[in-house]
Amino acid sequence: MTNWEERYQIGDTPWEKGQAAPPLLELLRKMEANEWGDGPILVPGCGLGHDVRALAELRIPVVGVDLSPFAVSRAGEFHPIGREIYELADFLDPDWRAGRQFSAVWEHTCFCAIDPSQRARYAQVVADCLEEGGLLAGVFFLTPHDPGDEKSGPPFETSIEELDQWFSPNFQRVDGWVPAAAYPGREGREWIGLFRKKSQPSVAGETGCR
Ligand SMILES: C[S@@+](CC[C@H](N)C(=O)[O-])C[C@H]1O[C@@H](n2cnc3c(N)ncnc32)[C@H](O)[C@@H]1O
């Protein structure tokens, strides 16, 4: 299991690029601000928060969550852009998210960082903390390892088929493409997926329907 705090403390952070993810900036250029809802937007595994601050330009609240005290502390040292905050928590922990709802989730290198045995939980947590119709937008690292070097990149890969399998019970996939913009070395290896949370089936009696 990865010790994220230790990796930040010793500076073993090849994912840390000092800037927001180029696919997120591409998405922000493409989407209307109102497609993110009224906020807050949740950024799980936000690291030093570059994506959080890019989203804060939308002028809606953004919450970055990370379980590394080092990362959260460093994120908080950046000049604030808007209504962004950083929280130290395991976003899979039900106590952390109890009673909270988000209009959107931005995923970037958190899904590929958690153990694959936690993916069902990840998909359920994201569904639980989004409002109905809420947006799950993510850039997923499909081929994280450099060719011939299994030790490079984030620990776990995924596929579009697998993402559909995890998210389709609660989400409708509304768009997906390989981003034109990428960090150097990640060109053509990522995929942006946009999913909308489905409405819950109404239960007769609760809604008055018969
Ligand atoms: C590969 S790093 C990516 C960080 C950031 N998204 C970026 O691209 O710079 C994965 C991050 O997820 C965080 N993380 C892993 N599991 C987490 C969890 N269950 N809850 C919150 N953060 C988590 C780690 O501490 C680490 O900062």
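User: What makes a feature count in a predicted model?
Analyst: Local features need pLDDT of at least 70 and side-chain atom pairs count only at pLDDT 80 or more, while totals for chains, interfaces and linings use all residues. Residues are numbered from 1 along each chain as its sequence is written.

User: Why is a stretch called a helix or a strand, and how many of each are there?
Analyst: Both are DSSP runs, numbered from the N terminus: helices are H or I with at least four residues, and strands are E with at least two. By that rule the protein has seven helices and seven strands. Along the sequence they follow the pattern α-α-β-α-β-α-β-α-β-α-β-α-β-β.

User: How do you know that β1 and β4 pair?
Analyst: Two strands pair if DSSP finds at least two bridges between them.

User: What makes β3 and β6 edge strands?
Analyst: The open sheet of seven strands has the order β3-β2-β1-β4-β5-β7-β6, with mixed pairing. Strands β3 (84-88) and β6 (171-177) each pair on one side only.

User: Why is β5 called largely enclosed?
Analyst: A residue is buried if 20 or more other C-beta atoms, placed from the backbone, lie within 10 Å of its own; with 12 or fewer it is exposed, and in between partly exposed. Nine of the twelve residues of β5 are buried, so the rest of the structure largely encloses this strand. In the protein, buried residues make up 37% of the 210 residues.

User: Why are the buried residues of α2 said to lie on the same side?
Analyst: In α2 (residues 22-30) the buried residues are Pro23, Leu24 and Leu27. They cover an arc of only 100° around the axis, which puts them on the same side of α2. The arc is that of the directions from the helix axis to the C-beta atoms.

User: What covers these buried residues of α2?
Analyst: The cover includes α3 (50-56), β4, β5 and β7. Contact requires that the C-beta atoms of two residues, placed from the backbone, lie within 7 Å.

User: How many residues surround the ligand, and what makes a residue near a molecule?
Analyst: Its C-beta atom, placed from the backbone, must lie within 6 Å of the molecule. The ligand is surrounded by 21 residues, and the closest are Trp4, Gly45, Gly47, Ser68 and Ala113.
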